[in-house]
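Try each one yourself before you read its solution.

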Amino acid sequence: MAREPKYRLVEKTVHEMIEDGTLKVGDQVPTEEELCGRFGFSRMTVSKALNNLSADGYIERIPGRGSFVTRRHVNKSLAGGASFTEDMAAIGLKAGARLISYEVVSADDAPVAAEKLGLSGANLIHHFVRLRTGDDMPIAISDTYISASVIPAISVECLNGSLYDYVHSLGISTSHVDQELRALLPTEEQKRLLEADDIALLCSSHVTYTMIDGVSVPFEYINTYYNGSVYTYRHTM
């Protein structure tokens, strides 16, 4: 078995210090000189480890000052699978949601969502926007459309928590398909809600299906706008 590269050992050690809270957001990471002395590795090896941590969003390297821990970061697979609540739990944060708006619209008034959900004409769609948080910090904005043909009524109070917990409580099973991902610049309203200016957004779009009488039926179309400084999507082979 091949030995793990030296820079990976440094990278893993610093990463573990961030994950277990030894290094908190805003803390300075040990300097290259200190890490070289600790591990007995070359400066080039240590620098590569820190550059990787910076590229993954765990630290920020500031010339002349050093490296500092940024806010906790989610590395998410393009294959999907984990919900926002599970993403937050993975980095030790409590997921939350705050309802921004809710309305019921006709399929004709939401043509893109209607097409995704296989609806038309006077078919009704629940449309709501929520701010998603981790430990009360704004992380993402979700813009969701739910087919009223599948879920005729929605408890608005439940939208301040986990949507999928509520959906599952109705006896509806879910699966994710047709995911798309794109990078966007935020609008002024999105920057206000996310309380951040100098960011890019990662927009993940997907349709969620359920089985009804043995037939796969789309019931949710959602666009989630993630703060790009917190989320990284990766393609896994």
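Predicted model: local features only at pLDDT ≥ 70, side-chain atom pairs only at ≥ 80, totals over all residues.

Residues are numbered from 1 along each chain as its sequence is written, and side-chain values use heavy atoms, leaving out hydrogens and water.

**Exercise 1.** Find which residues of helix α2 (residues 32–39) are buried, and explain how they are arranged.

*Solution.* Start with the terms: buried means under 20% relative accessible area, exposed over 50%, and partly exposed in between (1.4 Å probe, protein chains only). Helices (H or I, at least four residues) and strands (E, at least two) are DSSP runs, numbered from the N terminus. Next, pick out Glu32, Leu35, Cys36 and Phe39, which are buried in α2. Looking down the axis of α2, the buried residues fall within an arc of 105° (taken from the directions from the helix axis to the C-beta atoms), so they line one face. Finally, turn to the face away from the buried side: there sit the exposed Glu33, Gly37 and Arg38.

**Exercise 2.** Work out which side chains make polar contacts with the side chain of Glu32.

*Solution.* A polar contact is a pair of N or O atoms within 3.5 Å; within protein, one must be able to donate a hydrogen and the other to accept it, and residues adjacent in sequence count only if both atoms are side-chain atoms. First, Arg43 joins Glu32 at 3.0 Å. Glu32 itself is buried, at 15% relative accessible area.

**Exercise 3.** Decide whether Leu93 is buried or exposed.

*Solution.* Locate Leu93 in the loop between α4 (84–90) and β4 (95–106). Its relative accessibility is 11%, so Leu93 counts as buried.
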